[in-house]
Amino acid sequence: MYQQITLIGNLGGDPEMRYTQDGTPVTSFRVATNRRWSGRDGTTQEKSVWFRVSAWQRLAETCNQYLTKGQRVLVVGEMEEPSTWTDLEGNTRASLEVRARNVQFLSTCAEAQGLAAGTEQGVEEEIPF
C-alpha cells in the first residue's frame, strides 16, 4: 500500500533540529494550511489546519538551515497515525503528523520575514536545493 499527502502552507515557527541516539538528524516544524471561501451571506470565511512535519537525515539539515517562521513551503510526505489529546477546555483534539519526503521552499527568507511581520508578498520563488 502507498499513501501520500501534499501540503502548501506557512511555517508557524522556526524549525527545531535534534539528533536520535544513533546520530540521525531530524528537524520538526509546524505548517499551517489555509482555506478561504465565501459563506452563504457573502462574507469571507477562513479555516487553518496545522500539521507537524518531521524531516530526516540530509533533508533535516537543509530544512533547519534555510527555513524560518512565515516561509511558504510545499511538503510531500506520508501521514502518520494522528494522536489525540484533550485541551484545557476539555475538547478532544488531534495532532496531524507528516513525515516529509520532499520539501520545496516557495518563498525567500526576506519574504518570510515580511509574512511573519504581517505583510503580504505577491511573488513566490522556488529555491533549488
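**Exercise 1. Is Thr24 buried or exposed?**

Solution. Thr24 has a relative accessible area of 17%. Buried means under 20%, exposed over 50%, and partly exposed in between (1.4 Å probe, protein chains only). So Thr24 is buried.

The model is predicted: local features need pLDDT of at least 70, side-chain atom pairs count only at pLDDT 80 or more, and totals for chains, interfaces and linings use all residues. Residues are numbered from 1 along each chain as its sequence is written, and side-chain values use heavy atoms, leaving out hydrogens and water.

**Exercise 2. Find what Thr24 touches, not counting residues up to four places away in sequence**.

Solution. Start with the place: Thr24 sits in the loop between β2 (16-19) and β3 (25-38). Strands are DSSP runs of E, at least two residues; helices are runs of H or I, at least four; both are numbered from the N terminus. Next, apply the contact rule: heavy atoms within 4.5 Å. Thr24 touches Arg18, Tyr19, Trp56 and Gln57.

**Exercise 3. How far apart are the closest N and O atoms of Arg93 and Asp87?**

Solution. They are 3.0 Å apart, in a salt bridge. Now check accessibility. Arg93 has 40%, so it counts as partly exposed. Asp87 has 12%, so it is buried.

How values were computed: A salt bridge is a side-chain nitrogen of Lys or Arg within 4 Å of a carboxyl oxygen of Asp or Glu.
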